[in-house]
Every structure is written in C-alpha cells, then in structure tokens.
Amino acid sequence: MSDALVPLWSHEEQILGGTTARRGETVFVRGEGCWMVDSDGHRYLDLSSAQGVAMLGHCHPRVTAAIVHQAQTLALCPNYLYNDVRAQFAEALIGVLPPHLPHAFLCNSGAEAVDGALKFARLTTGRQRFVSTTKGFHGRTFGALSVTWEPKYRDGFGPLLDTTHVPFNDAAAIDVAVTDDTAAVIVEIVQGESGVNLSTAAFIETAARVCRERGALLIADEIQTGFGRTGRWFACEHVGVQPDLLCMAKGLGGGFPMGAVAYTAQVRAALSQGAHGSTFGGSPLACAAGLAAIGAYRDEHLIERSAHRGAEMLARLRERLAGVPAVRDIRGLGLMIAVELRTKVAPVLKRLMVDHRVIALPAGPTILRLLPPLILSEDEMTLGIDAIAASLDA
Ligand SMILES: Cc1ncc(COP(=O)(O)O)c(C=O)c1O
C-alpha cells in the first residue's frame with residue numbers, strides 16, 4: 001500500500017470499525033469486470049462479486065453510463081410524483097419476475113426489503129408470528145434480524161419479533177410450526193451466508209402447502225439468489241413453488257444500492273395507498289441503474305451463462321479437488337458454490353488473497369463460498385480454480 005494511504009486507512013478503521021468485518025491492509029481503488037485493483041496497481045480476481053452484488057462485474061459500462069446520464073438528468077423524484085425511468089424500471093422488473101407477482105415495493109437494501117415483506121405479511125393476514133429456518137440469514141434491521149437465525153447476529157438486540165426457527169429442510173418440523181396464527185414463513189431457497197445449502201423439494205413444497213392450507217404467506221428471500229445467481233432469474237423457479245412475497249437486492253441495481261419486494265394481488269389488496277414507503281426507494285438514479293442491469297442480464301444472456309458456467313465450475317472443482325484431505329464437500333447451484341472444509345477457512349482465504357490475489361468469501365468458520373460475477377470467463381474460472389487448489393494444498 002502506498003504510504004499516503006496509511007493514515008486514511010487507519011482513520012477508516014477508527015471510524016467504521018464497529019460495523020465492518022475484520023480485513024487486511026490492501027486498499028482497493030478501482031474495479032473492472034471480474035477484477036478489483038489495489039492502490040499499488042495489483043489486480044485481484046473477485047470471486048465474491050463484492051458480497052454477491054457485482055453480478056455484472058464491477059463498473060459494468062451499461063450500468064455506469066445509465067447512472068452518469070441519470071445523475072445529469074434527474075437524480076431525485078419523490079414517490080408522490082410520476083417519473084419516466086421509475087415507470088420503465090417497474091415494468092422491466094415485473095417482466096422478469098414470476099407472473100403471479102405483478103406488484104412491487106422499491107427500497108434500498110436487502111434488510112429493508114425483508115422488513116417490508118414481514119410488514120406486508122402482517123397486514124395481509126392480520127397475524128403476528130413468523131416461521132423461519134435454522135441457519136437462515138435475512139439481514140440486520142429489527143424485522144430482518146428477528147427471522148435471522150445465527151445467535152452472534154441476534155445476541156444483545158432483543159426483544160425481537162416472535163419467530164420460530166425450524167431446522168432447515170425438516171418438512172415435518174415446518175408442518176408443526178405453521179399454525180393459524182402464523183403470518184408468514186420466510187425461507188432462502190438456497191441459503192447463502194450459511195454455506196450454499198440447497199432446500200429439498202420435500203421441504204419447500206411442504207412449506208408452500210402448509211402456508212396455503214393455514215392462511216400464512218410464503219416469503220422467498222432471493223436477495224442473494226435473485227438475478228441469475230443460481231442459473232435462473234430466481235431460485236424459486238428451480239423448485240416450482242409460488243411465493244406470495246419475493247425479496248430482492250444485491251444484483252437488482254447492477255451494483256447500485258437497491259432493494260425490492262414483489263408481491264401478489266392478494267397482498268396488494270391489503271395495502272392502502274402509502275401503507276409503507278421509503279424516501280430514497282425507487283429514485284430515478286437507482287431505477288436507471290436497475291433498468292440498465294436488467295437489460296444487461298437479458299441481452300448478454302447472463303442467466304443462461306450462470307447456469308452453464310456454474311455447472312462447469314462445480315464439475316471442475318470436484319474433479320480438481322477430489323481426494324484433497326481438507327475438502328469435505330463441494331456443492332452449488334449456478335454460480336453459487338461452496339467448498340466445505342474439514343479445517344478453518346480463514347487461512348485459505350488469506351492465502352488466496354495474499355499469494356494468489358483472488359478474493360473469495362467465508363460462510364461460517366469452515367466453508368469457502370464463491371459468488372463470482374456472472375460474466376466470469378473460462379480463463380478467469382480456470383485461474384480461480386488453480387488458486388483455490390494451490391491454497392488448499394499449501
Ligand atoms: C439472503 C439474504 N437476505 C438478506 C440480506 C441482507 O441484505 P442487506 O445486507 O442488503 O441488508 C442478505 C445479505 O447478505 C442475504 O444474503
């Protein structure tokens with residue numbers, strides 16, 4: 001790192017330290033496609049998409065141009081006034097969602113989308129209680145935190161909303177937990193933060209059935225899985241269930257902070273005008289970014305590419321890491337892949353970063369999580385796999 005940046009870096013740590021993850025000393029200053037560049041000009045292959053957000057790669061030209069153009073045209077337009085770009089974005093968004101979800105609320109982050117969905121479920125059902133899953137992660141605001149499982153995120157922040165956490169993939173447990181005072185069940189169809197755990201058909205179908213039978217709503221948290229991450233626009237398309245509410249963020253704005261909840265006509269009927277809202281949500285700036293992002297996913301065939309590249313990457317990782325003693329399991333769907341280890345993942349992540357200039361993510365203490373941009377080329381994939389193999393042999 002250049003000397004000039006050291007005071008800046010330590011100031012950032014001093015000011016933001018309580019709400020950031022522990023990190024190394026590299027200072028990133030630029031991004032392009034699957035690469036991030038540090039202050040010394042070194043290039044790092046980003047197999048994390050900046051926490052699953054840069055699904056189009058960093059600084060995608062179409063999204064960047066749309067943001068610049070909109071910033072020079074009309075950045076702000078409150079929700080009580082019509083806006084051309086917001087209208088176009090709303091239509092484009094509904095166009096890629098499952099057809100039974102014709103309405104949406106626009107906000108700014110994943111947790112805000114989850115909070116919105118929980119509020120809508122209460123309003124629609126007149127009930128208060130939620131059912132979630134062990135190892136589920138849904139965000140850090142009070143509502144989202146209530147349905148999040150991991151005690152390290154929850155401890156010290158209670159009391160939270162009344163939530164029952166059933167074991168993930170336990171169909172019998174969800175059958176018992178959902179009663180006629182349940183407002184909603186919230187589920188990640190593929191759990192992200194806890195290590196790319198795929199839900200079984202039996203579990204998700206039971207969740208949908210008991211919700212339907214007992215008047216509760218089903219919320220799909222697609223904040224990490226949405227926009228092609230799993231090889232379909234949305235992970236619920238793999239399992240064939242129809243959630244009543246679907247939460248989005250990460251890939252939605254092509255890197256611009258944006259969240260949304262899509263919902264059914266039944267939920268819409270329960271919402272009076274202005275029942276929920278957001279000052280910044282649906283700004284023309286965000287909508288221009290989102291519109292460009294949806295155009296890029298579609299025109300560059302990135303959803304299909306995620307399915308194809310993801311299957312290839314999973315197969316190549318399995319082949320390359322077969323017999324490596326540290327590896328317990330390799331699993332994934334689309335470009336959402338976990339390499340579960342028998343050992344701690346932190347030293348592997350450090351070797352990847354320091355020795356190979358490859359950025360990956362942990363998921364818990366022993367899982368290496370890969371969420372590469374959907375534009376990942378074959379050469380970039382090979383480079384990443386070689387680096388992971390070398391880091392595991394070390
Ligand atoms: C599945 C899921 N839900 C919710 C969230 C929270 O999103 P945000 O950090 O934008 O609030 C995340 C973030 O990682 C997530 O992966």
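## A guided tour, one selection at a time

Select Cys287 to begin: with a relative accessibility of 0%, this residue counts as buried. Before you click on, keep in mind that you are looking at a predicted model.

**Stop 1: two cysteines**

A disulfide needs its two sulfurs within 2.5 Å. By this rule, the count for the model is 0 disulfides. Cys77 is in no disulfide, and its nearest cysteine sulfur is that of Cys287.

**Stop 2: the seven-stranded sheet**

Switch to cartoon view and look for the open sheet built from 7 strands. On average, neighbouring strands here are turned by 20° against each other, direction ignored. Here's a bit of background while you look: strands of a sheet pair through backbone hydrogen bonds, and they can do that in a parallel or an antiparallel way.

Now walk through part of this sheet, pair by pair:

- Select S7 (residues 182–187) together with S10: they pair in the parallel sense over 4 bridges. Ala184 has Leu217 in S10 as its bridge partner.
- Next, take S10 and S11, a parallel pair with 3 bridges. Click on Ile219 and you'll find Leu245 of S11 standing opposite.
- Then move to S11 and S12 (residues 259–263), which run antiparallel and are joined by 4 bridges. Here Cys247 stands opposite Val261 in S12.

Stay on S11 (residues 245–248) and show its side chains. Which residues point which way from S11? Leu245 and Cys247 go one way, Leu246 and Met248 go the other way, and all of them are buried.

**Stop 3: the ligand**

Among the residues around the ligand are Ser109, Gly110, Ala111, Phe137, His138, Gly139, Glu188, Glu193, Asp221 and Lys250. Ile223 and Gln224 belong to this surrounding group as well.

A ligand oxygen sits 2.8 Å from a polar backbone atom of Gly110. A polar backbone atom of Ala111 is likewise 2.8 Å from an oxygen atom of the ligand.

**Stop 4: two threonines in a loop**

Follow strand S10 (217–221) to the loop that leads on to helix H10 (236–239), and pick out Thr230 in that loop. Thr225 is in the loop between S10 and H10 too.

Are these threonines buried or exposed? Thr230 counts as buried, at 2% relative accessibility, and Thr225, also at 2%, counts as buried as well.

Look at Thr225 in detail. Its side chain makes a polar contact with the side chain of Glu222, at 2.7 Å. Setting aside residues within four places in sequence, Thr225 is in contact with Val190, Thr230, Trp233, Ala235 and Met336.

Now click Thr230. What does its side chain make a polar contact with? The partner is the side chain of His238, 3.0 Å away. Not counting residues up to four places away in sequence, Thr230 touches several others, including Val190, Thr225, Ala235, Ser306, Leu333, Gly334 and Met336.

**Stop 5: the four-stranded sheet**

Finish at another open sheet, made of 4 strands in the order S1-S2-S3-S15, again with mixed pairing. Its edge strands are S1 (28–32) and S15 (358–359), and each pairs on one side only. Select S3 (residues 43–46) with S15 to see a parallel pair with 2 bridges. In that pair, Leu45 stands opposite Val358 of S15.

Which strands does H15 lie across? Those are S2 (35–38), S3 and S15, and the helix runs at about 95° to S3.

Key:
Residues are numbered from 1 along each chain as its sequence is written. This is a predicted model: local features need pLDDT of at least 70, side-chain atom pairs count only at pLDDT 80 or more; totals for chains, interfaces and linings use all residues. Side-chain values use heavy atoms; hydrogens and water are left out. Buried means under 20% relative accessible area, exposed over 50%, partly exposed in between (1.4 Å probe, protein chains only). Two strands pair if DSSP finds at least two bridges between them. Contact means heavy atoms within 4.5 Å. Axes are lines fitted to C-alpha atoms, for helices over the stretch in contact, and angles run from 0 to 180 degrees between N-to-C directions. A polar contact is a pair of N or O atoms within 3.5 Å; within protein, one must be able to donate a hydrogen and the other to accept it, and residues adjacent in sequence count only if both atoms are side-chain atoms. A residue is near a molecule or strand if one of its heavy atoms lies within 4 Å of it.
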